[in-house]
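Welcome, and please take a moment to look over the sequence and the model below. The report that follows walks through a few of its features in plain terms.

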Amino acid sequence: RTHAFRAQHGWPVGADGTDDLCRWCCGLDLDAGCGAARLQVTTLLCDACGKAWCESCLRSGLGNEYVDALLGGGDGEWKCIVCD
């Protein structure tokens, strides 16, 4: 369904050229019955490319330890799974 959403709406980006929606889920609740409802998500932006990834998808795909370390600070720079 995310593919269908992107085909219909394109890929929304903000005024600064960075993504407005998670690259995995498009910020959509795909379990919402007919269609898809918008979710309120915490979105993280890649410092290298500006792609957005929501915390939920990162936890699902890369694990809680990875996201906890990311949110805990570090050097402040983060590269997404596409750039790293």
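## Starting at Val82

Val82 is exposed, with a relative accessible area of 52%. Here, buried means under 20% relative accessible area, exposed over 50%, and partly exposed in between, using a 1.4 Å probe and protein chains only. Val82 sits in the segment after α3. Leaving out residues up to four places away in sequence, Val82 touches Lys51 and Trp53, where contact means heavy atoms within 4.5 Å. Val82 and Lys51 are 31 residues apart in sequence, while their C-alpha atoms are 8.9 Å apart in space.

Before going further, a word on the model: it is predicted, local features need pLDDT of at least 70, side-chain atom pairs count only at pLDDT 80 or more, and totals for chains, interfaces and linings use all residues. Residues are numbered from 1 along each chain as its sequence is written, and side-chain values use heavy atoms, with hydrogens and water left out.

## The chain as a whole

The chain has three helices and four strands, and along the sequence they follow the pattern α-β-β-β-β-α-α. Both kinds of element are DSSP runs numbered from the N terminus: helices are H or I with at least four residues, and strands are E with at least two.

Of the 84 residues of the chain, 29% count as buried. The chain exposes about 5300 Å², and carbon and sulfur atoms supply 47% of that area. Accessible areas come from the Shrake-Rupley method with a 1.4 Å probe, and for residues only the protein chains shown count as cover. Among contacts between residues at least 6 apart in sequence, 46% join residues at least 24 apart.

## A nonpolar patch

Val82 also belongs to a group: together with Trp24, Leu62, Tyr66 and Ile81, Val82 forms a nonpolar patch on the surface, with about 420 Å² of accessible area in total. Patches are made of residues with over 30% relative accessible area and no salt bridge; like charges are joined within 9 Å, and nonpolar side chains (Val, Leu, Ile, Met, Phe, Trp, Tyr) within 5 Å.

One member, Tyr66, is found in helix α3, which covers residues 64–71. Tyr66 is partly exposed, at a relative accessible area of 32%.

How do the axes of α2 and α3 cross? The axes of helix α2 (residues 55–62) and α3 come within 7 Å and cross at roughly 135 degrees. That makes α2 oblique to α3. The axes are lines fitted to C-alpha atoms, for helices over the stretch in contact, and angles run from 0 to 180 degrees between N-to-C directions. Angles under 35 degrees count as roughly parallel, over 145 as roughly antiparallel, 65 to 115 as roughly perpendicular and the rest as oblique.

On the α2 side, Glu55, Leu58, Arg59 and Leu62 take part in the meeting, and they face Asn64, Tyr66, Val67, Asp68, Leu70 and Leu71 in α3. Helix α2 also holds Cys57, which counts as buried at 15% relative accessibility. Apart from neighbours within four places in sequence, Cys57 is in contact with Cys22, Trp24 and Cys25. The C-alpha atoms of Cys57 and Arg23 are separated by 9.1 Å, although these residues are 34 apart along the chain.

## Salt bridges

Side chains of opposite charge can pair when their charged atoms come close. A salt bridge is counted when a side-chain nitrogen of Lys or Arg is within 4 Å of a carboxyl oxygen of Asp or Glu, and by this rule there are three. Glu55, Arg59 and Asp68 are linked in a network. Arg59 pairs with Glu55 (2.9 Å, N to O) and with Asp68 (2.9 Å, N to O). Glu55 and Arg59 are separated by about one helical turn, because they are four residues apart in helix α2. Both Arg59, at 23%, and Asp68, at 45%, are partly exposed.

Arg23 forms a salt bridge with Asp19, and their closest N and O atoms are 2.6 Å apart. Arg23 is partly exposed at 30% relative accessibility, whereas Asp19 is buried at 7%.
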